[in-house]
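Work through the exercises below with the model open. Try each task before reading its solution.

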Amino acid sequence: MLNSLHAADQLAELHDAPPAWETPAPLGQRGELPPFPVHALPAWVAEHVSAVTEETQTPLDLASCVSLAALSTAAGGRAVVNVRGSWVEPVNLFVLVAMPPGSRKSAVFRAMTAPLVHAEAVLLSRIGSQIAEAEVARHRRPQVEVCRGSTTITQNRSRKRPQRLP
């Protein structure tokens, strides 16, 4: 049957065809990477990135990637993309920076996220009392639970076993 389909000729033709892909480079060898496009960032972000890079003597890519992550965090669900029709997706970035130990990643991370930490502290000071009141109210409110066919009332702040009602 294979002879009638000329399978041997077709296999020979496939083996003689040029490869569809280039030969992969061995692991550990890579070409020169292009520089991070800092010019694509807003001017104030690019200035901050450049200043942090100079102060910490770290690669421009490190501060740039962390700045994008910080901006994504700050946007936090406020920006969406309308893909088409009613298909809407939030704009999220998942950033991973991998560098050897001792390459000052933590210093850059602290410098780039300091504005976020400060904004969070300001917002918390403004509404901290409201958060505390809501927590207290939530722990005081009794909850009704159904356990094995009978109703029990428990208090959130109490870690005792529920008491059965008559």
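Predicted model: local features only at pLDDT ≥ 70, side-chain atom pairs only at ≥ 80, totals over all residues.

**Exercise 1. Which residues other than glycine have a positive phi, near 55 degrees and near 70 degrees?**

Solution. Start with the background. Most residues other than glycine have a negative phi. Q57 has a positive phi, near 55 degrees. Q57 sits in the loop between helix 2 and helix 3. Next, R104 has a positive phi near 70 degrees. R104 belongs to the loop between strand 2 and helix 4. Now check accessibility: buried means under 20% relative accessible area, exposed over 50%, and partly exposed in between (1.4 Å probe, protein chains only). Q57 counts as exposed because its relative accessibility is 65%. R104, at 43%, counts as partly exposed.

**Exercise 2. Compare the span of helix 3 with its expected span, and list its buried residues.**

Solution. Count first: helix 3 has 16 residues. The expected span is 1.5 Å times one less than the number of residues. Now the buried positions: L62, A63, S64, V66, S67, A70 and S72. These buried residues pack against helix 2 and helix 4.

**Exercise 3. Is S67 buried or exposed, and what does S67 contact?**

Solution. S67 lies in helix 3. S67 is buried because its relative accessible area is 4%. Contact means heavy atoms within 4.5 Å. Leaving aside neighbours within four places in sequence, S67 contacts L41, V45, V49 and M112.

**Exercise 4. Place L71 in the fold and describe its surroundings.**

Solution. L71 is in helix 3, residues 60-75. L71 is partly exposed, since its relative accessible area is 33%. Not counting residues up to four places away in sequence, L71 touches W44 and V45. The C-alpha atoms of L71 and L116 are separated by 9.0 Å. Along the chain, L71 and L116 are 45 residues apart.

**Exercise 5. List the residues of the largest nonpolar core and name the element with the largest share.**

Solution. A nonpolar core is a set of buried Ala, Val, Leu, Ile, Met, Phe, Trp, Tyr and Cys residues joined through side-chain atoms within 4.5 Å. The largest one has twelve residues: F36, V38, L41, V45, A46, V49, V52, L62, A63, V66, V108 and M112. Helix 2 (43-56), helix 3 and helix 4 each supply at least two residues of this core. Helix 2 gives the largest share, four residues. In soluble globular proteins, nonpolar side chains tend to be buried together. Now look at F36. Leaving aside neighbours within four places in sequence, F36 contacts L41, D61, S64, C65 and L68.

**Exercise 6. Which side chains meet in a salt bridge, and how many salt bridges does the whole structure have?**

Solution. A salt bridge is a side-chain nitrogen of Lys or Arg within 4 Å of a carboxyl oxygen of Asp or Glu. The whole structure has one. E135 and R138 form a salt bridge at 3.1 Å, N to O. These residues are separated by about one helical turn because they are three residues apart in helix 4 (residues 105-140). E135 is partly exposed, at 34% relative accessible area. R138 is also partly exposed, at 41%.

**Exercise 7. Give the order of elements and the buried share of the chain.**

Solution. There are four helices and five strands. From the N terminus, the order is α-α-α-β-β-α-β-β-β. The chain has 166 residues, and buried residues make up 16% of them.

Terms used
Residues numbered from 1 in each chain as written. Heavy atoms only, no water.
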